[in-house]
Amino acid sequence: MKVIGIETSCDETSVALLDFDENQQLPKILHQEVSSQIKIHQPYGGVVPELATRQHLIHLRPMIHKVLERAQTKWHHIDLIGVTRGPGLASSLMIGLSFAKACAIASEIPWLGINHLEGHLVSAFLSHNSVPIYPHLGLIISGGHTQIIHVKALSDYELIGSTRDDAAGEAFDKVAKMLDLPYPGGPVVEELARNGDASSISFPRAMINKPNYSFSFSGLKTAVKLYLDENPHWTHDKQHLSNICASFQQAVIDVLIHKTFKAAQELNLTTVSLSGGVSCNQAIRQTFAEEASRKGIKCVLAAPYLSTDNASMIALVAALQHQQGVLQKWDTDIDPNLKLAS
């Protein structure tokens, strides 16, 4: 079964072609294209929805043709279209969903609207050419989401914990802005942290000892701001800047790791997955893998190219749902606030 995936939830346009063997259950990415908009939004310090929408309009159709050409596949060989219907920016989601519906109608093939977060959950397993393990515990960390999810089965999820304010990626970007670092700030903070002393500054680990699995990074962000105000000389000291980044990053890591593995052990789950754009952070990946090894838990990490928004993960969810007989109503619309689990 060949499945086209379309992802336009925010500021990256992505199209992928997946070959899914329903007998062996081994997904294979035949080709994937991702068009990043970082340079376009960089002058504004964040994503501008109107600009993002225009870029989706410009790139989506040519990318479909490019993917088919690179995969040496004709459109009439496509069996299914999977497209992100939420959560995300409304205007961006509308472009992808409208395009997918038009293609499905014209070609008389089925389509499925997919939850972007469900795509992230399967991306870790797609990185290893396998279908998801059930049950397992998934941690999604990105610019807009920080969630611990009990993955019981396909489309059967329980939200164990999430952030009460800023997502992890949002905290990285906001701290980077305080430090006058370029957008997007997360990778820059990570790079500077490599040369810093993570124990040099004692930033708070919010809610780390609370009995729940909720996160809060707003207070950490405020603590960094207060520290910068009280220590203005950091602007002239590159090592001091690296120490700030390393200490901030470690504070985020400590809470993520503690909460995730505590949840896994209390739920008696032997597999954990890590996905989402922030999971590209090498310090987080390494600490996550080391903690899993110490606790005897299987660790599944999404490959960096499948951690950020991509269409391959959307295509895989569509294939798995189609295999279970899921059908889509034609009047299904986008949902910018689409929930994965209650």
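Which residues have the most contacts inside the largest nonpolar core? That was my starting point today, and I kept in mind that this is a predicted model.

Entry 1: I looked up the largest nonpolar core and found 50 residues in it. Leu179, Phe203 and Phe248 have the most contacts inside this core. Helix α8 (238–266) has the largest share, with 14 residues.

**Entry 2: Phe248.** I picked Phe248 and skipped its neighbours within four places in sequence. What's left in contact with Phe248 is Ala171, Phe172, Val175, Val189, Phe203, Leu220 and Val224. I also found a second, separate core of 28 residues, with Leu80, Val131, Ile149 and Val317 among them.

**Entry 3: two helices crossing.** I then turned to α4 (residues 116–126) and α11 (residues 311–323), whose axes come within 8 Å and cross at roughly 95°. Angles of 65 to 115 degrees count as roughly perpendicular, so α4 is roughly perpendicular to α11. On the α4 side, the contact includes His116, Val122 and Leu126; on the α11 side, it includes Met313, Leu316 and Val317. I sorted the contact residues into six nonpolar, six polar and one charged.

**Entry 4: Gln147.** Is glutamine 147 buried or exposed? I got 15% relative accessibility, and buried means under 20%, so Gln147 counts as buried. Gln147 sits in strand β7 (residues 146–153). Beyond its neighbours within four places in sequence, Gln147 touches residues including Leu117, Gly138, Leu159 and Ser162.

Notes:
Residues are numbered from 1 along each chain as its sequence is written. This is a predicted model: local features need pLDDT of at least 70, side-chain atom pairs count only at pLDDT 80 or more; totals for chains, interfaces and linings use all residues. Side-chain values use heavy atoms; hydrogens and water are left out. Axes are lines fitted to C-alpha atoms, for helices over the stretch in contact, and angles run from 0 to 180 degrees between N-to-C directions. Helices (H or I, at least four residues) and strands (E, at least two) are DSSP runs, numbered from the N terminus. Angles under 35 degrees count as roughly parallel, over 145 as roughly antiparallel, 65 to 115 as roughly perpendicular and the rest as oblique. Contact means heavy atoms within 4.5 Å. Ala, Val, Leu, Ile, Met, Phe, Trp, Tyr, Cys and Pro count as nonpolar, Asp, Glu, Lys and Arg as charged, and the others, Gly among them, as polar. A nonpolar core is a set of buried Ala, Val, Leu, Ile, Met, Phe, Trp, Tyr and Cys residues joined through side-chain atoms within 4.5 Å. Buried means under 20% relative accessible area, exposed over 50%, partly exposed in between (1.4 Å probe, protein chains only).
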